[in-house]
Amino acid sequence: MANRTTQPRATKAERKEQARRERIELQRKMARTRRNRRIFVAIVAVVAVGATVFLLTRPEPVRASPGALLAAAEQATADAGCTEVEDIGPYEPRNIDRQHVPSEGTPPLSTYPTTPPASGPHNEITLGAGVYRSPPPIERMLHSLEHGAAIVWYAPGVADEELERLETFYEGAEGARVIVAPYDYPDQGEAGSLPAGSDMALVAWHRLQTCAQVSLPVAFSFTADYSAPPFGQRPYLGEAPEAGAAF
């Protein structure tokens, strides 16, 4: 029969010492946990303060000066590959150039004389001025043109500093009678995209100008003359039937 080895029982003093060590270890773990928690809270507080300071002190986007833009417009028109402002006349037949139709009754864009359209049958509800990041209902924009709006269209996919500068500018007071939006209506075939080689189109009632590149000076030169009322003391060059009406 094999001898059975037995471990000697811990003495009372040894058990007391073991309990003391376990208690010390537990206290150390609790202290580490509290320290880590304090560090985490401190880091969160620093990040929060930093974010707040950044939001409060970051510079506002620099808005271009209207006067500087107008002064630069002539050279910018050449640099951006822009056409002259064209008088494209009414939708045919002329008697429906200003006709109100329900959205579902809007004629295909291919029936309008230009891309983008500059007049023609439209919805009875206008579209408010502003910077739109997705294509708005074009039939409502046409009604806004009738009231003296000017539209700055840009090709989808254009993402450069000049477009950001343009959007920032028209979010200010100079955009009160202007609509800025991407021109992208794929269900309308070729008429649902800007003409090939054009990244920007400027539209007022019966007026159209296209550019190979987005250009804020060119856009403002157009909207300053063809939105109603025009910018500053400039004469109104457009012919919107209800120029100055609300939209």
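## Fold

The protein chain has five helices and six strands, taken as DSSP runs numbered from the N terminus (helices H or I, at least four residues; strands E, at least two). From the N terminus on, the order is α-α-β-β-α-β-α-β-β-β-α. Buried residues (under 20% relative accessible area, 1.4 Å probe, protein chains only; exposed is over 50%, partly exposed in between) make up 40% of the 247 residues.

This is a predicted model: local features need pLDDT of at least 70, side-chain atom pairs count only at pLDDT 80 or more, and totals for chains, interfaces and linings use all residues. Residues are numbered from 1 along each chain as its sequence is written, and side-chain values use heavy atoms, with hydrogens and water left out.

## Nonpolar core

A nonpolar core is a set of buried Ala, Val, Leu, Ile, Met, Phe, Trp, Tyr and Cys residues joined through side-chain atoms within 4.5 Å. The largest one holds 53 residues. M141, V152, W153, L166, Y170, V180 and M200 touch the most other members. Elements supplying at least two residues each include α2 (66–79), α3 (138–146) and β3 (150–154). The largest share, seven residues, comes from α5.

## Backbone

Most residues other than glycine have a negative phi, and most peptide bonds are trans. H206 has a positive phi, near 65°. H206 sits in the loop between β5 and β6 and is buried, at 8% relative accessible area.

The T115 to P116 peptide bond is cis, with omega near -5°. P116 lies in the loop between β1 (86–87) and β2 (130–131). The bond from A228 to P229 is also cis, with omega near 5°. P229 is in the segment after α5.
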